[in-house]
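These are brief notes for a colleague opening this entry for the first time. Please keep the structure in view while going through the points.

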Amino acid sequence: MPKKISGQARLPPQVKKLKSYKRYNGLGSCRCNYVTLLTVVTLSMMIDPPNDEHFMREALRQAQKAYDASEVPVGAVVVRSGEIIARASNQVGLLKDATAHAEMLALTEAEAAVGDWRLTDCDLYVTKEPCPMCAGALVHTRIRRLVFGCTDSSAGAAGSVMNLLRMPTLNHRCDVASGVLQDECAAILQSFFRKLRDQETELREDDR
Ligand SMILES: [Zn+2]
């Protein structure tokens, strides 16, 4: 399950409501209802879990595309009403454009799909924590929710180094969830940079 950094309370409102009812009512018979409801809610979440992993898998497929093109493997998708409306991989090298991060390209594609620069009912899934540029773009486009895989301890702008998505002075804040398929999201990056180091070592050895 994703680690919630911020956002709404963890318990569904009906459970919270029943909990408070039990507290004020003080009747033992209520315990049965509470346990039953909690079981139903838990089971329903197990049967129909949030689609975060499903959408992150598609973001990972985009990251793999970047990997195959010798780009830093980061992928992103934008979801609206349960459907992917934009998908992109990092293309900085291909486009010779430092702003061509997966998130930026996915946001532009989503704006075209929606026909508006405001993406207030859209969620963005990305394999790695966004950098300051992309986090800023998420604020500008009014993205509702950000879900990312692995953290970026050196440049992450969604909680690791800074959190531009929850800045009280900015005119938009969005919910943030992290850790969705984080091992796979981190592994593809580690594999990419390991391969890069190996290739550099081989080149140096060839030069001798
Ligand atoms: Zn970025």
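1. In the largest nonpolar core, which has 47 residues, Val78, Ala106, Leu124, Tyr125 and Leu146 touch the most other members. Such a core is a set of buried Ala, Val, Leu, Ile, Met, Phe, Trp, Tyr and Cys residues joined through C-beta atoms within 7 Å. Helix H3 (residues 52-68) supplies the largest share of this core, seven residues.

2. The model is predicted: local features need pLDDT of at least 70, side-chain atom pairs count only at pLDDT 80 or more, and totals for chains, interfaces and linings use all residues. Residues are numbered from 1 along each chain as its sequence is written.

3. The protein chain has seven helices and six strands (DSSP runs numbered from the N terminus: helices are H or I, at least four residues; strands are E, at least two). Of its 208 residues, 32% count as buried, meaning that 20 or more other C-beta atoms lie within 10 Å of the residue's own, with C-beta atoms placed from the backbone.

4. Strand E2 (residues 75-80) has five of its six residues buried. E2 pairs antiparallel with strand E3 (residues 83-89) over six bridges; pairing requires at least two DSSP bridges. Ala76 has Ala88 as its bridge partner in E3. Two residues separate the strands of this hairpin, and Ser81 in the turn has a positive phi of about 50°.

5. E2 also runs antiparallel to strand E4 (residues 122-128), joined by five bridges. There, Val78 is the bridge partner of Leu124.

Key. A residue is buried if 20 or more other C-beta atoms lie within 10 Å of its own, exposed if 12 or fewer, and partly exposed in between; C-beta atoms are placed from the backbone.
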